[in-house]
Amino acid sequence: MTTIDLGHPVSGDVVELILEDHRRFESLLRELRDSSADRDAVRQAFATLHVAHALAEETKVYPQLRRKDAVSDHEAEHGEEEHAEGHEALLAVLELKGTDTQAFDDAVEELAKVVNHHLTEEELTILNPARDEVSEKVRAELGEAFAAERNARIADNCGTLAHVRSIVAAARKEGLLDDDEDDD
Ligand SMILES: [Fe+2]
Ligand SMILES: [Fe+2]
């Protein structure tokens, strides 16, 4: 269970709630780079938030934005591929025994690269259309559903090593991690 506060929003505009988590990811990545931080606690918190946030987007936000024609199938599927890549890079960080090694720094650098790429692309290609093409009322409904799912997954302690391993294995089986795909 994570000891770091990940927030507990219950309502709000889905775009704002997603952005709040994106800021949390950025700040946790900064702490992961800090050798004076409790990096083991930080990676646990990052794992819990990454799994909960991605699942809540995939189940409560992406499908509804597709239905409203705010995003295309391709954009939603690409988002899921990038979540899988994020989970794979996260797994590499979680699998390491020590947190004061070059291997840890290298794994954190790769995680930051993959996650920052996804945050940028999601904000440009998914959150902007959601702002432009979805009503305030629907954004509030999606916000409530997103927050409920996210909080439930966090309460389930969804970021354990065993669970992240199983998510990555399932994603590989589904073909979400095919390296020969174009990864723009
Ligand atoms: Fe996101
Ligand atoms: Fe995402």
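Which helices each supply at least two residues of the lining of the largest cavity?

Modeller: Happy to! This is a predicted model, in which local features need pLDDT of at least 70, side-chain atom pairs count only at pLDDT 80 or more, and totals for chains, interfaces and linings use all residues. Residues are numbered from 1 along each chain as its sequence is written, and side-chain values use heavy atoms, with hydrogens and water left out.

The helices you ask about are α1 (14–33), α2 (39–67), α3 (73–95) and α4 (102–133); helices are DSSP runs of H or I with at least four residues, numbered from the N terminus. Searching the whole structure gives one cavity of 30 Å³ or more, and the largest cavity has a volume of about 80 Å³. Here a cavity is a set of points, on a 1 Å grid over the protein atoms alone, where a 1.4 Å probe fits but cannot get out, and lining residues have an atom within 4 Å of a point. Grid points are joined across faces, edges and corners, and the volume is the space filled by probe spheres set on the points.

Lining the largest cavity are His22, Phe25, His50, His53, Ala54, Glu82, His83, Gly86, Val114, Val115, His118 and Leu119. α4 gives the largest share, four residues. By type, the lining has five nonpolar, six polar and one charged; Ala, Val, Leu, Ile, Met, Phe, Trp, Tyr, Cys and Pro count as nonpolar, Asp, Glu, Lys and Arg as charged, and the others, Gly among them, as polar.

For context, UniProt's unreviewed entry places "domain: Hemerythrin-like" at residues 14–127, an annotation that may be inferred rather than shown by experiment. That span, residues 14–127, is 86% helix and 0% strand (strands are DSSP E runs of at least two), and its end C-alpha atoms lie 9 Å apart.

Terms used
Chains lettered and ligands numbered in written order. 1 Å grid on protein atoms, 1.4 Å probe; cavity = no way out; pocket = protein on both sides within 12 Å on 5 of 7 lines; lining within 4 Å.
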